[in-house]
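Reader: I would like to go through this model with you, beginning with a term we shall need. Could you set it out once the structure is on screen?

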Amino acid sequence: MTAPDAAAGPEFAHLFAALPVAVLVIDPAGCVAHANAECETLLNLSERAMVGQPVESILQSPRDDNGRDSHGFAAFDTEIDTARGGRMRVDFIEGLVADHPGWRTITLHHAAASRRMGHSADRASAARAAVGAAAMLAHEIKNPLSGIRGAAQLLATGGEGADELTTLITTEVDRIAALIDRMQDFTDTRPLNPAPENIYPLLDHARRVALAGFARDVTIEERFDPSLPPALVDRDALLQVILNLLKNASEAMVQQADARITLATAYRHGMAVSAAPGRPRQPLPIEICVIDNGPGAPPDIAEHLFDPFISGKPEGQGLGLALVDKLVRDMGGIIQYAREGMPEATVFRILLPRGS
């Protein structure tokens, strides 16, 4: 059998070389057939030195079965050993080449800088959260307190409209209390109770709630894998997560005439993810995506969307996505943000453990 690019002409070489991520093409014998320029740079080896060599002599795959099964594989934020004796932290994704049995591609992404920097990144993230918390609290609490003070002064003078002023005070105090309640959600250390669940009734309920309220002007489409097995989830937590993501997507497209959200599910064979640096990888094959055709997050905050008090909304408090991240992790899963597809769309991808 010839290499996968044989029928593609010279265009293949140019496209392959220009890919902005490191890619290896592996033949059915398990040897390197191609390596692009990004891969040469990352591994500090030339393509000439790699071609024809067993892939195990170039890098040590985190895959336990060494690619013997027929499915793809992904391991995020994992360490691999290289031919030069070095070790690097990468996102490792292995896929099959369509119409070429036995051929595979291995894609290597540098793990995010925030993950590689360890405690320094943690301190930076904590600093951003503290600054954001101070700014948000100053904005959210100063205004109602000012109104409460003014109403109390009017009441002290014995002026008219006491009932209206009392209502104003009660409303503003309730608003402050609601804010504090939302912040206390992050201090709730009670464990969730995940159990095997058919997620489709939950997704359908979330869709109907959205269409009856905040998403009444949005088209919500479904693209489901009908053979999806049960997922290991907490029903209330997953419903809260999906509703929050649907609401965020709807608000991001409030000015769009063609606002559209897609709820998608898939089963990802071989998907193994480390929920945090230093933790073992766990199988997370159940995928739920909330996809919208809105503009996405501002580039300057895209990497910090799940940090508390970070928000792209003018009046946002930055609590919603941070709580979503907490709930998903409490269920043993992870959530990711990306801009994908042509035309580009916003994707929030939830990966969860299988329930049975």
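Author: A polar contact is a pair of N or O atoms within 3.5 Å, where, within protein, one atom must be able to donate a hydrogen and the other to accept it. Please keep in mind that this is a predicted model.

Reader: Noted. What caps the N-terminal end of helix 8?

Author: Asn 198 does: one of its side-chain oxygens lies 3.1 Å from the backbone nitrogen of Tyr 200.

Reader: And how far apart are the end C-alpha atoms of helix 8?

Author: They are 20 Å apart, which agrees with the 20 Å that its 14 residues should span at 1.5 Å a residue.

Reader: Which residues of helix 8 are buried?

Author: Ile 199, Tyr 200, Leu 202, Leu 203, Ala 206 and Ala 210 are buried. Viewed down the helix axis, the buried residues fall within an arc of 160 degrees, so they line one face of helix 8.

Reader: What covers the buried residues there?

Author: The cover includes strand 6 (195-197), strand 7, strand 8, helix 9 (235-252), strand 9 (260-267) and strand 12 (286-292).

Reader: Let us turn to aromatics. How many aromatic pairs are there?

Author: The count comes to two aromatic pairs. In one of them, the ring centres of Tyr 200 and Phe 224 are 4.8 Å apart and the planes stand at 40 degrees, so this pair is tilted. Tyr 200 belongs to helix 8 (residues 199-212), while Phe 224 sits in the loop between strand 7 (219-223) and strand 8 (231-233), so the pair ties together parts 24 residues apart in sequence.

Reader: Buried or exposed, how do those two residues count?

Author: Tyr 200 counts as buried, because its relative accessibility of 17% is under the 20% cut-off. Phe 224, with a relative accessible area of 29%, is partly exposed.

Reader: What about Tyr 337 and Phe 348?

Author: Tyr 337 and Phe 348 form a tilted aromatic pair, at 5.3 Å centre to centre and with 55 degrees between the planes. Tyr 337 lies in strand 13 (residues 334-340) and Phe 348 in strand 14 (residues 345-352), so this pair ties together parts that are 11 residues apart in sequence. Both Tyr 337 and Phe 348 are buried.

Reader: How many residues of helix 10 are buried?

Author: Eight of its 11 residues (the helix covers 320-330) are buried, so helix 10 is largely enclosed by the rest of the structure. Among them are Asp 325 and Lys 326. The buried residues of helix 10 pack against helix 9, strand 13 and strand 14.

Reader: What follows helix 10?

Author: Gly 332 follows helix 10, and its phi is positive, near 90 degrees.

Reader: Finally, what are the overall figures for the protein?

Author: The protein has 10 helices and 14 strands, and 41% of its 356 residues are buried. Its accessible surface is about 19,300 Å², of which carbon and sulfur atoms hold 55%. Of the contacts with a separation of 6 or more, 60% are between residues 24 or more positions apart.

Methods: Residues are numbered from 1 along each chain as its sequence is written. This is a predicted model: local features need pLDDT of at least 70, side-chain atom pairs count only at pLDDT 80 or more; totals for chains, interfaces and linings use all residues. Side-chain values use heavy atoms; hydrogens and water are left out. Rings of Phe, Tyr and Trp (its six-membered ring) pair if their centres lie within 6.5 Å; planes under 30 degrees apart count as stacked, over 60 as edge-to-face and the rest as tilted. Helices (H or I, at least four residues) and strands (E, at least two) are DSSP runs, numbered from the N terminus. Buried means under 20% relative accessible area, exposed over 50%, partly exposed in between (1.4 Å probe, protein chains only). The expected span of a helix is 1.5 Å times one less than its number of residues. The arc is that of the directions from the helix axis to the C-beta atoms. Contact means heavy atoms within 4.5 Å. Accessible areas come from the Shrake-Rupley method with a 1.4 Å probe; for residues, only the protein chains shown count as cover.
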